[in-house]
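This report covers contacts made by aromatic rings.

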Amino acid sequence: MTAAMAERSGAEAGFRAGLGRGCDGERRGVVGRSTGCRSGEKAFKWRIDGFSSLINLGNEWTNSSSFDAKGLKWYIRVNPMDTKSGDTKRHVSLKLELVRSSVQPNIVIEAVFKLLIYDQLRRKHVENIVTDHFHSTSTASGSLFMIPLDTLKESSAGFLINDSCIFGAEVVKVRKVRQDTVSETLFVQKSKNASHVFSWEIEKFTELQKPYSTSKVFAAGGYNWYLKLHPEGDEATNYLSLYATLDKSSTLSPDSGVLVKLSLCIKDQNNDNHKRHTGSANSIYHEVHQLGMGEIHITRRFQRSIQRVLLKNKCTIEASFTVIGLSNRK
């Protein structure tokens with residue numbers, strides 16, 4: 001850690017620039033002036049001497065010591081060489097973090113706080129008012145207080161005096177909310193698993209049962225499956241729709257799932273212009289957890305050009321399965 005000293009103080013005179021950024025990153029507030037903090041609010045001040053040496057470290061975050069506010073422990077983080085989307089200039093970024101040990105795993109902290117940069121010439125400050133949420137697995141504020149590095153270094157701005165900067169934070173309001181969570185663990189298999197290929201030969205394609213037809217049940221990856229074909233589209237589209245579905249005969253508990261890589265293909269029997277769709281790896285669960293569907297959500301919809309892949313009104317559909325992991329929820 002660079003040469004830095006954390007000190008506490010009460011109310012500080014300041015320039016109030018209420019440009020708060022919430023979790024969505026949008027600015028709120030108006031620009032105005034203030035002679036100090038409201039009664040009862042305590043600010044934490046962090047002076048960094050030798051700030052130019054911190055800049056020389058590059059795009060790195062540096063932490064202050066922790067401080068107490070509203071019954072919780074917090075600390076400030078600063079990055080003097082941060083980048084901003086769509087801007088080539090370097091920025092000094094400031095954010096607030098919650099000490100992980102000060103919050104229970106099932107508690108969400110809703111906090112309103114201010115991030116401060118002090119104008120040492122005029123004994124004022126620029127502040128950013130933020131509303132954000134914290135919990136044990138996400139202790140950092142999602143909002144940054146950013147100021148261009150060139151602006152901070154301007155002598156007339158008063159932020160950098162004798163190579164020293166003063167940053168601060170003020171926690172205005174805190175609300176603790178109990179949150180019940182459901183956790184899931186995905187076990188991805190390390191070894192490369194073999195693919196299982198199933199072919200479905202459809203006779204008299206144009207006479208298929210509406211609204212959908214299904215293949216026979218087949219085994220792949222230790223589970224039983226069937227293909228479901230909507231020749232004139234499902235409830236969402238007028239295009240042909242093809243799904244792979246876990247059969248009810250497979251024993252998959254309500255709290256478990258299987259991670260599958262799936263490739264679906266409607267073979268062009270007149271030439272090699274096959275209609276193939278390879279989806280990304282997707283998890284499926286017990287049908288109770290899929291609103292009674294139990295379907296892999298890898299769907300390919302083709303326009304009504306099906307005649308080009310038919311041969312004497314016959315159609316061949318091929319499905320390739322690779323089971324690559326298992327999931328467990330609790």
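How many aromatic pairs does a search of the whole structure find? In this predicted model, the search finds nine aromatic pairs.

Two of the pairs share F167, and their geometry is given below.

| Pair | Centre to centre | Angle between planes | Class |
|---|---|---|---|
| W46 and F167 | 6.5 Å | 55 degrees | tilted |
| F51 and F167 | 6.0 Å | 45 degrees | tilted |

Why is the pair of W46 and F167 classed as tilted? Stacked planes are under 30 degrees apart and edge-to-face planes over 60; the planes of W46 and F167 stand at 55 degrees, so the pair is tilted.

The partners come from separate places in the sequence. W46 belongs to strand β4 (residues 43-49) and F167 to strand β12 (residues 164-178), so this pair ties together parts that are 121 residues apart in sequence. F51 lies in helix α1 (residues 51-56), and its pairing with F167 in strand β12 links parts of the chain 116 residues apart.

Elsewhere, ring pairs join F198, F218, Y223, W225 and F321 into a cluster.

Lysine charges also sit over rings. Which ring lies under the charged end of K45? The charged end of K45 is placed over the ring of Y118, at 5.2 Å from the ring centre. K228 lies over the face of Y212, with a distance of 4.8 Å to the centre of that ring.

Notes
Residues numbered from 1 in each chain as written. Predicted model: local features only at pLDDT ≥ 70, side-chain atom pairs only at ≥ 80, totals over all residues. Heavy atoms only, no water. Helix = DSSP H or I, 4+ residues; strand = E, 2+ residues; numbered from the N terminus. Lys NZ or Arg CZ within 6 Å of the ring centre and 35° of its normal.
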